[in-house]
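Work through the exercises below with the sequence and the coordinates side by side, and try each task before reading its solution.

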Amino acid sequence: MPVLKIVNCMNSVLRKKCLKVENIDAALVALADNMIETMYSASGLGLAANQVGVSSDLFVIDVGIDKEKRDPVIIINPIITASEDKIMAEEGCLSIPEVFAEVKRSQRVEVKGYDLKGNELRYEADGFLARAFQHEMDHLNGVLFWDNLSKVKRDILQRKFKKKLKAIES
Ligand code: NI
């Protein structure tokens with residue numbers, strides 16, 4: 001399975017709402033497999049399709065986050081159906097490398113969607129996994145984690161990111 005290129009936050013594909021998946025075909029299954037490979041290769045615990053340049057409504061997430069055992073799950077057309085208790089914690093993103101910030105998220109969520117066979121999925125998550133679900137859902141809606149911060153904080157992080165980008169490119 002090839003590792004795909006992860007686009008960074010300067011790419012406009014991350015700003016568009018992803019399109020609902022209508023058909024689960026061989027191309028989508030291959031994309032999902034490659035996304036899992038890409039996520040682990042980048043030491044990530046979640047990856048949305050638009051992060052590899054595909055504006056389709058699916059993400060991969062490691063639901064074994066709290067067990068230190070790999071357990072990748074693909075969720076197609078996901079929705080958050082319930083959430084409660086906001087909590088602050090540090091967060092990062094594979095599309096904004098080396099930038100971290102405290103973001104307020106729900107402590108518990110219920111997520112529904114479909115697997116690659118078209119079967120309904122339902123997850124209840126709390127803590128870090130709940131946070132990861134919300135982060136990936138945001139991606140599918142064209143939202144980046146720093147959008148949840150004040151403009152001042154976001155500007156600081158964006159400057160930090162652009163500096164790092166320059167350092168990488170030079
Ligand atoms: Ni991210």
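A residue is called buried under 20% relative accessible area, exposed over 50%, and partly exposed in between, with a 1.4 Å probe and protein chains only. The model is predicted, so that local features need pLDDT of at least 70 and side-chain atom pairs count only at pLDDT 80 or more, while totals for chains, interfaces and linings use all residues. Residues are numbered from 1 along each chain as its sequence is written, and side-chain values use heavy atoms, leaving out hydrogens and water.

**Exercise 1.** Determine whether His135 is buried or exposed, and list what His135 touches.

*Solution.* Begin with the location: His135 belongs to helix H2, residues 127-140, where helices are DSSP runs of H or I with at least four residues, and strands are runs of E with at least two, numbered from the N terminus. Next, the relative accessibility of His135 is 6%, and therefore the residue counts as buried. Finally, setting aside residues up to four places away in sequence, His135 touches Glu91, Gly92, Cys93, Arg105 and Phe145, a contact being heavy atoms within 4.5 Å.

**Exercise 2.** In which sense do S4 and S5 pair?

*Solution.* Strands S4 (residues 96-114) and S5 (residues 120-126) pair in the antiparallel sense over 7 bridges, pairing requiring at least two bridges found by DSSP. Within this pairing, Arg108 stands opposite Asp126 of S5.
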